[in-house]
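Here are some notes for a colleague opening this entry for the first time.

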Amino acid sequence: MSRSTAKLTESVTSLFKKRRLDEEALEELEETLISADLGVAASRRIVEGFRRTRFGKEVTDEEVKAALAEEIAAILAPVAQPMPLDPARAPHVVLVVGVNGTGKTTTIAKLGQQYREQGLATAFVAGDTFRAAAVEQLQIWGERTGCRVHTPVKEGADAAGLAFDALKAAREDGTQVLLVDTAGRLHNKSALMEELRKVIRVMKRVDESAPHSVLLVLDATTGQNAIQQCKVFGEMVNVSGLCVTKLDGSAKGGVVVALAQEFALPVHFVGVGEKAGDLRPFEARDFARGLMGLD
């Protein structure tokens with residue numbers, strides 16, 4: 001997260017070179033946090049913590065960074081939760097949603113590889129039927145990982161029908177985890193909403209409890225746009241958890257803190273690179289210290 005770290009720590013270092021933590025310093029700190037995409041509410045909460053515990057004291061930049069890491073970790077700790085997976089459901093259905101370009105399809109592929117390495121029978125549903133590239137990408141990953149891939153008969157085919165057939169087949173062939181890709185054409189919100197709800201509706205005909213997880217994939221490089229996307233998809237479907245991708249290429253990693261403060265949704269995974277192992281479980285303390293450039 002070197003870009004996000006540099007953006008935040010350089011500002012903090014220039015702000016606190018052995019300085020008294022007075023009202024002016026706190027105001028500047030709040031502005032620094034907001035500009036680093038932590039959001040207004042989280043930034044205010046952090047500064048209030050500083051006001052209660054350190055107001056009027058002489059502080060160094062290193063002390064401030066350590067204290068910031070503690071305050072950020074306190075916000076993140078409640079949302080740092082693994083995605084619950086119950087293979088006994090045969091299959092546990094994960095509906096993966098998000099705007100096109102956030103890394104949905106890549107995230108599905110990485111999860112598939114990780115689950116296969118854990119010995120779980122995993123399959124993909126190429127439900128973004130309008131994007132041939134997304135279908136092809138999952139097919140390639142299916143071949144690499146040994147995951148079955150349920151694909152549309154033609155471009156633009158009905159995604160709900162595909163999901164219905166895939167879930168029926170998964171129950172019959174003993175698939176333990178079914179990862180369902182979806183469209184993310186947000187420019188036509190009402191049509192997308194109807195499509196996602198239809199996918200859910202027809203899957204419930206096969207398994208009333210499906211989907212068992214709804215994972216929203218957000219791209220860290222979009223910064224505060226991720227907040228808006230979380231609101232929009234929360235209105236469309238019952239999002240159960242988040243995956244924040246592309247943290248390695250972003251200076252806006254602070255948005256994870258803003259998401260935690262605003263929505264309190266579990267953050268299951270973060271993406272920090274191209275390899276399957278670069279999709280990692282979210283750890284609050286590690287993330288907070290990493291953001292502040294601390295070991």
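Predicted model: local features only at pLDDT ≥ 70, side-chain atom pairs only at ≥ 80, totals over all residues.

1. Leu95 has Val180 in S6 as its bridge partner.

2. Is strand S9 mostly covered or mostly open? S9 spans residues 267-271 and is mostly covered, with 5 of its 5 residues buried. On one side, S9 runs parallel to S8 (residues 241-245), and 3 bridges join the two. In this pairing Val244 stands opposite Val270 of S9. Between S8 and S9 the chain passes through helix H10 (residues 255-263), giving a β-α-β crossover that is right-handed.

3. S9 also pairs with S10 (residues 279-281), here in the antiparallel sense and over 3 bridges. Val270 has Arg280 as its bridge partner in S10.

4. The loop between S9 and S10 contains Asp278. Asp278 is buried because its relative accessible area, 16%, falls under the 20% limit. Leaving aside residues up to four places away in sequence, Asp278 touches Val270, Gly271, Val272 and Gly273.

5. Helix H10 also packs against another helix. The axes of H4 (residues 61-76) and H10 come within 9 Å and cross at roughly 45 degrees. That angle makes H4 oblique to H10. The crossing of these two helices is left-handed. From H4, the residues in contact are Ile72, Ile75 and Leu76; from H10, they are Val256, Val257, Ala260 and Gln261.

6. How do H2 and H3 lie relative to each other, roughly parallel or roughly antiparallel? The axes of H2 (residues 23-35) and H3 (residues 40-54) come within 9 Å and cross at roughly 150 degrees, so the two helices are roughly antiparallel. Their crossing is right-handed. H2 contributes Glu23, Leu26, Leu29, Glu30, Leu33 and Ile34 to the contact, and these meet Val40, Ser43, Arg44, Ile46, Val47, Phe50 and Arg51 of H3.

7. The loop between H2 and H3 holds Asp37. The phi of Asp37 is near 70 degrees, a positive value in a residue other than glycine. Asp37 counts as buried, at 7% relative accessibility. As background, most residues other than glycine have a negative phi, and most peptide bonds are trans.

8. Ala90 sits in the loop between H4 and S3, and its phi, near 45 degrees, is positive although the residue is not glycine. The peptide bond joining Ala90 and Pro91 is cis, with omega about 5 degrees. Pro91 is likewise in the loop between H4 and S3 (92-97). Ala90 is partly exposed, with a relative accessible area of 29%.

9. Where is Pro211 found? Pro211 is in the loop between H8 (189-206) and S7 (213-219). The peptide bond from Ala210 to Pro211 is cis, and its omega is near -10 degrees.

10. The last point concerns Cys230, which lies in helix H9 (residues 225-236). Cys230 is buried, with a relative accessible area of 3%. Residues up to four places away in sequence aside, Cys230 touches Leu216, Leu218, Leu242, Leu259, Phe263 and Leu265. Cys230 and Gly98 are 132 residues apart along the chain, and their C-alpha atoms are separated by 8.6 Å.

Methods. Residues numbered from 1 in each chain as written. Heavy atoms only, no water. Buried < 20%, exposed > 50% of the residue type's maximum accessible area, 1.4 Å probe, protein only. Helix = DSSP H or I, 4+ residues; strand = E, 2+ residues; numbered from the N terminus. Pairing = 2+ DSSP bridges. Right-handed = clockwise from strand over helix to strand, strands pointing away. Axes fitted to C-alpha atoms, helices over the stretch in contact; angles between N-to-C directions. Parallel < 35°, antiparallel > 145°, perpendicular 65-115°, else oblique. Left-handed = near helix turned anticlockwise from the far one by under 90°. Contact = heavy atoms within 4.5 Å.
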